[in-house]
Amino acid sequence: MVACSLTAILVLSIGSDGQGENNPMFAITGITGKVGGEVARNLLAGNQPVRAVVRDVRKGEPWAQLGCDLVRADINDAGALTSAFAAAESVFVLVPPNFDPSPDFHEARATAATLKSAIEAARPGRVVYLSTIGGQATQSNLLTQHTIIEQVLGELSMPITFLRPGWFMENCSWDVAPAINDGVISSFLQPIDKPVPMVATADVARVAAELLQETWNGRRVVELEGLHRVTPREIATTFADLLGRPVRMEPIPRETWESLFRSQGMKNPIPRIKMLDGFNEGWIEFEGGEAGSRKGKVGLQAVLQTLIESR
């Protein structure tokens with residue numbers, strides 16, 4: 001879905017018994033995923049030492065081969081996370097996405113409490129949390145999970161940055177097959193000529209890696225989107241240009257969403273529906289609007305080309 005990958009990124013600093021200010025360590029959770037992996041690659045490219053925090057050590061072996069320190073910890077284990085974050089200058093924590101949360105979002109509340117406990121025990125110098133566009137929205141929706149975690153982590157005493165990216169362009173991976181096979185793409189985002197704040201995950205990872213290495217005071221929000229806003233129709237025309245064949249975008253009638261999501265196995269589709277309403281109605285937006293957001297470097301065409309080639 002969106003920034004809606006619903007992943008969170010977090011940064012912690014070296015403790016007094018760590019490796020020292022001249023030899024920082026960046027602990028990255030979710031490193032086996034796309035965003036977390038790209039954050040780590042950005043850091044490694046700058047010759048920064050990386051600690052790979054993984055749930056499955058076997059999946060982390062490729063990172064160990066790249067020279068990363070490998071540590072096992074689960075996002076729901078405060079003790080293991082505290083140990084993984086120890087002696088780290090910065091930590092990248094990825095919260096697994098939950099597209100079908102309970103109505104009271106108790107899963108997000110539990111995750112927030114665990115993260116806060118681990119961070120307070122590890123005493124980081126600073127924190128970067130990968131949130132989402134609309135993290136400040138007051139209407140309940142799927143992204144409220146990030147709102148809850150932001151509120152809890154905002155109580156921490158150390159400097160914290162909430163990185164709020166727009167809708168991930170890579171969500172178009174679901175559109176590749178229908179674009180190629182049928183020349184028709186279905187869209188929950190509508191009307192199809194309405195511009196949507198979107199961003200490439202490569203830009204999210206690049207900016208996250210930059211933030212991890214910055215110094216600031218207090219709480220701040222960094223909002224991130226691409227060079228220009230993208231309409232669903234533009235997605236279709238860009239696919240058409242790349243594929244050399246007609247591709248059109250068709251909106252999915254809203255009255256069918258709930259039955260469609262339930263047929264796909266969702267128990268509580270209302271938060272997802274409300275999130276889509278938020279984008280379509282415009283109340284899921286950056287706090288600083290389009291003028292206040294940082295702009296990425298990677299365009300839609302480059303992202304779609306990569307998705308087509310990796311199909």
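Reply: α3 and α4 cross each other in a right-handed sense, where right-handed means that the near helix is turned clockwise from the far one by less than a right angle, and left-handed means anticlockwise. The helix names refer to DSSP runs numbered from the N terminus (H or I, at least four residues, for helices; E, at least two, for strands). The model is a predicted one, in which local features need pLDDT of at least 70 and side-chain atom pairs count only at pLDDT 80 or more, while totals for chains, interfaces and linings use all residues. Residues are numbered from 1 along each chain as its sequence is written, and side-chain values use heavy atoms, with hydrogens and water left out.

Me: At what angle do α3 and α4 pack, and how far apart are their axes?

Reply: Axes are lines fitted to C-alpha atoms, for helices over the stretch in contact, and angles run from 0 to 180 degrees between N-to-C directions. Helix α3 (residues 78-85) packs against α4 at about 40°, the axes being 8 Å apart. The pair is therefore oblique, the word for what remains once angles under 35 degrees (roughly parallel), over 145 (roughly antiparallel) and 65 to 115 (roughly perpendicular) are set aside.

Me: Which residues in α3 and α4 meet?

Reply: Contact means heavy atoms within 4.5 Å. On the α3 side Ala78, Leu81, Thr82 and Phe85 take part, and they meet Thr114, Leu115, Ser117, Ala118, Ala121 and Ala122 of α4. The residues of this contact comprise seven nonpolar, three polar and no charged, with Ala, Val, Leu, Ile, Met, Phe, Trp, Tyr, Cys and Pro counted as nonpolar, Asp, Glu, Lys and Arg as charged, and the others, Gly among them, as polar.

Me: Is Thr111 buried or exposed?

Reply: Buried means under 20% relative accessible area, exposed over 50%, and partly exposed in between (1.4 Å probe, protein chains only). Thr111, which belongs to helix α4 (residues 106-122), has 9% relative accessibility and so counts as buried. Setting aside neighbours within four places in sequence, Thr111 is in contact with Ile75, Asn76, Val95 and Ile149.

Me: How many residues has the largest nonpolar core?

Reply: A nonpolar core is a set of buried Ala, Val, Leu, Ile, Met, Phe, Trp, Tyr and Cys residues joined through side-chain atoms within 4.5 Å. The largest one here has 39 residues, and those with the most contacts inside it include Ile235 and Phe239. α11 gives the most to this core, namely five residues.

Me: How do α8 and α11 pack?

Reply: Helix α8 (residues 232-243) and helix α11 (residues 300-309) pack at about 60°, with axes 10 Å apart, and the two are therefore oblique to each other. Their crossing is right-handed, and the residues in contact include Ile235 and Phe239 in α8 and Leu300 and Leu304 in α11.

Me: What should I read from the backbone around Pro191?

Reply: The peptide bond from Gln190 to Pro191 is cis, with omega near 0°. Pro191 lies in the loop between β8 (184-187) and β9 (198-199) and is exposed, at a relative accessible area of 53%.
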